Amino acid sequence: MSTRIDDLPVIATRPDQIEAALYNLWRRARQRFGTRLRIELPGLKEMALLLEDDAWVVVDQRQYDLPILAWVQFAPEGRAALHEPVRCTLNYYHFMASQLRAKVLELMHENLQTRLHPGGEGK
């Protein structure tokens, strides 16, 4: 994935952090389902979230998976315990991308919970 986003100009880069619960949920999903996951983002106009080891990338499916927003440079080694957030960098590839951040993370959490606990237990 990093090759795809490395070749595109970044409009803005910001330091960010991922809450521990979401990061740990992603790690569990990655162990169970593999290192490449695609999550459809209902209500976000043909957007999808591609989850890989080195990046979480929101793409526009209408534009041949053109990146819109990407979390990169995860630094889990910087936390002292599993309940602490993980620092990362957030790259913006579209001028409206900042409006997607919170909703994408919410939909990612819901989707991974459903995949890991299809019967509803464990929420």
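**Close-up views of a predicted protein model**

**View 1. Lys45 lies in the loop between strand 2 and strand 3.** Helices (H or I, at least four residues) and strands (E, at least two) are DSSP runs, numbered from the N terminus. The phi angle of Lys45 is near 40 degrees, a positive value in a residue other than glycine. Lys45 is also exposed, with a relative accessible area of 65%; here exposed means over 50%, buried means under 20%, and partly exposed is in between (1.4 Å probe, protein chains only). This is a predicted model, in which local features need pLDDT of at least 70 and side-chain atom pairs count only at pLDDT 80 or more, while totals for chains, interfaces and linings use all residues. Residues are numbered from 1 along each chain as its sequence is written, and side-chain values use heavy atoms, with hydrogens and water left out.

**View 2. Glu46 also has its place in the loop between strand 2 and strand 3.** Where does phi of Glu46 fall? Its value is near 65 degrees, which is positive in a residue other than glycine. Most residues other than glycine have a negative phi. Glu46 is partly exposed, with a relative accessible area of 46%.

**View 3. Leu49 is part of strand 3.** Is Leu49 buried or exposed? Leu49 is buried, and its relative accessible area is 0%. Which residues does Leu49 touch, leaving aside its neighbours within four places in sequence? Its contacts (heavy atoms within 4.5 Å) include Leu37, Arg38, Ile39, Trp56, Val57 and Val58. Trp71, Val104 and Met108 are also among them. For a sense of scale, look for Phe95: 46 residues separate Leu49 and Phe95 along the chain, and their C-alpha atoms are 18 Å apart.

**View 4. Helix 2 has 14 residues.** From its first C-alpha to its last, helix 2 reaches 20 Å, close to the 20 Å expected at 1.5 Å a residue. That expected span is 1.5 Å times one less than the number of residues in the helix. Buried residues in helix 2 include Leu22, Tyr23, Leu25 and Trp26. After helix 2 comes Gly34, whose phi is positive, near 105 degrees.

**View 5. Helix 3 covers residues 101-116.** The 16 residues of helix 3 should span 22 Å at 1.5 Å a residue, and its end C-alpha atoms are 23 Å apart, which agrees. Which residues of helix 3 are buried? They are Val104, Leu105, Leu107, Met108, Leu112, Gln113 and Leu116. These buried residues pack against helix 2 (20-33) and against several strands, including strand 1 (12-18), strand 3 (47-51) and strand 5 (66-75).

**View 6. The whole protein has three helices and six strands.** From the N terminus on, these elements run α-β-α-β-β-β-β-β-α. The C-alpha atoms fill a box of roughly 40 × 30 × 25 Å, taken along the principal axes. With 123 residues, a compact globule would have a radius of gyration near 14 Å, and the protein has 14 Å, which agrees. This radius is taken over C-alpha atoms, and the globule rule is 2.2 Å times the number of residues to the power 0.38. Buried residues make up 45% of the 123 residues. Among contacts between residues at least 6 apart in sequence, 55% join residues at least 24 apart.
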